[in-house]
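Please go through this structure with me.

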Amino acid sequence: MNTALFSDSYRQARTRFLAAADACGAQVRSHTLPSLGAQGEALAMDVAIHGPVDASRVLMTTSAVHGIEGFCGSA
């Protein structure tokens, strides 16, 4: 297991996700939640869209749908 892929915090995991999405040219839409995180950070649901917007088929993957496992899901 490559532990370097796992983040130490929500903020770091989100930053890494957004950087990876940017690096591959994905369009990102962020939906900020009204509550703040445990360390006072903004919480958001980030959606990265990669590929043609008029694609006839899509692959959708999700991670961290319950919260704390987000660090594992984003790795």
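Hairpin, helix and confidence

Q: In the hairpin of β1 and β2, which residue takes a positive phi?
A: The hairpin of β1 and β2 has five residues between the strands. Strands here are DSSP runs of E with at least two residues, helices are runs of H or I with at least four, and both are numbered from the N terminus. The residue with a positive phi, near 80°, is glycine 40.

Q: What kind of model is this, and what is its average pLDDT?
A: This is a predicted model, in which local features need pLDDT of at least 70 and side-chain atom pairs count only at pLDDT 80 or more, while totals for chains, interfaces and linings use all residues. Residues are numbered from 1 along each chain as its sequence is written, and side-chain values use heavy atoms, with hydrogens and water left out. The pLDDT is the predictor's confidence in each residue, from 0 to 100. At least 70 is scored by 84% of the residues, and the average is 85.

Q: Which element has the lowest mean pLDDT?
A: Where pLDDT is low, the predicted coordinates should not be read in detail. Among the elements of the protein, β1 has the highest mean, 93, and the lowest, 67, belongs to α2.

Q: Which pattern does the protein follow along the sequence?
A: The secondary structure comes to two helices and two strands. Read along the sequence, their pattern is α-β-β-α.

Q: How many bridges pair β1 with β2?
A: Two strands pair if DSSP finds at least two bridges between them. Valine 28 stands opposite alanine 48 in β2, and leucine 36 has alanine 42 of β2 as its bridge partner. Strand β1 (residues 27-36) and strand β2 (residues 42-49) run in the antiparallel sense, and their bridges number seven.

Q: Which residue meets arginine 14 in a salt bridge?
A: Side chains of opposite charge can pair when their charged atoms come close. A salt bridge is a side-chain nitrogen of Lys or Arg within 4 Å of a carboxyl oxygen of Asp or Glu, and the structure holds one. At 2.6 Å, N to O, the partner of arginine 14 is aspartate 46. The pair joins distant parts of the chain, 32 residues apart, with arginine 14 in helix α1 and, in strand β2, aspartate 46.

Q: Is serine 7 buried or exposed?
A: Serine 7 sits in the segment before α1 (10-23). Buried means under 20% relative accessible area, exposed over 50% and partly exposed in between, with a 1.4 Å probe and protein chains only. Because its relative accessibility is 8%, serine 7 counts as buried.

Q: Where does serine 63 lie, and is it buried or partly exposed?
A: Serine 63 lies in the loop between β2 and α2 (70-74). Its C-alpha is 9.6 Å from that of alanine 75, which is twelve residues away in sequence. Because its relative accessibility is 40%, serine 63 counts as partly exposed.

Q: What share of the 75 residues counts as buried?
A: Arginine 14 is buried, and so is aspartate 46. Of the 75 residues of the protein, the share that counts as buried is 16%.
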